[in-house]
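Reader: I would like to learn how to read a ligand site and the backbone around it, step by step. Could we go through one case together?

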Amino acid sequence: MCGIVGYIGKQQAYPILIKGLQRLEYRGYDSAGIALINNDKLNVYKAKGKVAELIQFAEQKDIQGTIGIAHTRWATHGEPNQVNAHPHYSQSEELAIIHNGIIENYAVLKEGLKEQGYTFSSETDTEVLIQLIEYVKKTNKVDLSTAVQLALNQVVGAYAIAVIEKSEPDVIVAARKGSPLVVGIGEDEYFLASDATPIIEFTDKVVYIGEEEIVTLRRGMEIKIVTISNIEKTPEINKLEMTLSQLEKGGYPHFMIKEIFEQPKTLSDSMRGRVNVEENNITLSGFIDNKEKFLNAKRIIITACGTSWHAGLIGKYAIEEFARIPVEVEYSSEFRYRKPVIHKDDIVIPISQSGETADTLAAVELAKSQGAFIFGICNVVGASIPRNTDSGCYTHAGPEIGVASTKAFTAQVTVLTMLALIIGKEKGTLSEEQYLKITHQLGLIPEKINHILKQNDSIAQFAKTFTYAQNFIYLGRGYNFPVALEGALKLKEISYIHAEGYPAAEMKHGPIALITQEMPVVVIAPNVGMYEKVVSNIQEIKARKGKIISIVTEGDIVVANLSDYSISIPETEECLVPLLAAIPLQLMAYHIAVVKGCDVDQPRNLAKSVTVE
Ligand code: M6R
């Protein structure tokens, strides 16, 4: 959470920083701010709210400078207001800092600094850090990068920071621990950011800054990296694969709808080079490299948060069915703290779109420390989680900007399904015939999604009917129970309508008491798996006058006749239904939120990358 950007070079920094903030706004949008050095002055401009507010505020000012840092905030310490917005000055206003993360021992540090005469204007942990850097700098009479290094040795917590100094207009010092930081290398200029999206239009050469590393970007000089324990590091230059068009809305009103419509392509990308449609065969290099580990695994533990956790549940159903390996699916935030039993021959699979989720990263570290083999499933290439795993598979869904995860979810399910099929085939727990049949069907999924997307207009129409609702229930069984959870999460996070997902048969154990004629109940009822049982569950709701919205297989008139609204999906294998059923649920949530006038891409209180626990 929070996005940071920096620039030093020959261009005016302001437009680069503002554009960078707009790209990173998905990381938090409580406030935005910018600091630039010009003519021996260190100027800070900040505003509560989104980057647009900052632009409006800055409009009347003459903002110049070829060095600057900027921040978009998701509030942790201190309410979202202008005073708590970053950048923060040090006491003398000689230094300014931006920060993504949490300084856990800030209270102790603050007390110590107060005793030295420091005063504080904000409630943030970040202001404590910049005062500490200034104090260390003055008392030790050292340069900025040494001061940052010495100060960070006293800090407990997570950070990606960038600091500038009024009297040093040619230097930015940045550092990271637990929060991401990327440096872009241009011609006589450097960029820095929380991810590569603000950098891509200027250069495709990037250096991912490692844990506890401090980078000094000096105008006209080579990039210099040392660790906080003073070990020099050689920067490793990587080439970015991302394209600029992936970061733009491309004519769609919101990133979310663009990303929903991208799914036929993103799923093809996830399968490219992995699913051979002619031979109905799957090749996953991450599996091939670690085949023995998978074949001998006694247990798999999946750890993830939010939507990625839902994808993990679907993965559990598939791996247990095809590969006959027991799978536990854990919320990373619980797993990391509850002293779980982890064996050396366990395979731990962290799933994360961003690759930066703090709890999932901590779960990885815990599992690693206990000797488990870590196989990551991530979307963002080069992010912290894939850098901390033993092996893994990228989902290749491309940048996901909408806070609500859509294409990343279906790509995660696709990768997990491929993994389950290939382990099952190699172990002999899945027959050759089944393997070929499901793999063939998997290859057809992108085209089937295209077909479902054609119902967008009619989904938009009936979605209008439901904006009155205060609550929704989503039901599914088997592979579609996690889809129900995901459908409910999509609706609540972007439309602010309370929604719950349940296994359909659980209704009788309590939630059925909620059913009235006001209550919309979304039922995922394809003609596979426990179809008849789901039909009975629908009857039970119908008998209590609930409003039924069903997801049915094309041609199914039984469920369609029982429903107030039904959306059809093409026929497929049971394990692949989630890839199709998720699409109408995403569209429905999107359209309800749009009609309600909600900010679908940046819902209140949320951020895309949850880099704090
Ligand atoms: O980047 P990750 O996949 O680790 O993120 C996990 C969750 O924060 C994320 O899936 C969240 O639940 C989404 N906003 C849901 O749409």
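**The shell around the ligand**

Author: Let us begin with the neighbours: 15 residues surround the ligand, and the closest are Ser308, Ser352, Ser354, Thr357 and Glu493. Please keep in mind throughout that this is a predicted model.

Reader: How do the residues of the shell around the ligand divide into nonpolar, polar and charged?

Author: A shell can be read by residue class, and here five residues are nonpolar, eight are polar and two are charged.

Reader: Which polar side-chain atoms lie within 3.5 Å of an oxygen atom of the ligand?

Author: A polar contact is a pair of N or O atoms within 3.5 Å. Among such pairs, a polar side-chain atom of Glu493 lies 2.4 Å from a ligand oxygen, one of Ser352 lies 2.6 Å from a ligand oxygen, and for Lys490 the distance between a side-chain N or O atom and an oxygen of the ligand is 3.0 Å. Taken on its own, the ligand has 410 Å² of accessible area, of which the protein covers 90%.

Reader: What should I look for in the backbone, away from the topic of the ligand?

Author: Look at the omega and phi angles. The peptide bond from His86 to Pro87 is cis, with omega near 0 degrees, and Pro87 belongs to the loop between strand E4 (67-73) and strand E5 (88-89). Asp40, a residue other than glycine, has a positive phi near 60 degrees, and Asp40 lies in the loop that runs between strand E2 (31-38) and strand E3 (41-48).

Notes
Residues numbered from 1 in each chain as written. Predicted model: local features only at pLDDT ≥ 70, side-chain atom pairs only at ≥ 80, totals over all residues. Heavy atoms only, no water. Near = heavy atom within 4 Å. Polar contact = N/O pair within 3.5 Å; in protein donor to acceptor, adjacent residues only side chain to side chain. Areas by Shrake-Rupley, 256 points an atom, 1.4 Å probe, with all protein chains shown as cover. Nonpolar A, V, L, I, M, F, W, Y, C, P; charged D, E, K, R; others polar. Helix = DSSP H or I, 4+ residues; strand = E, 2+ residues; numbered from the N terminus.
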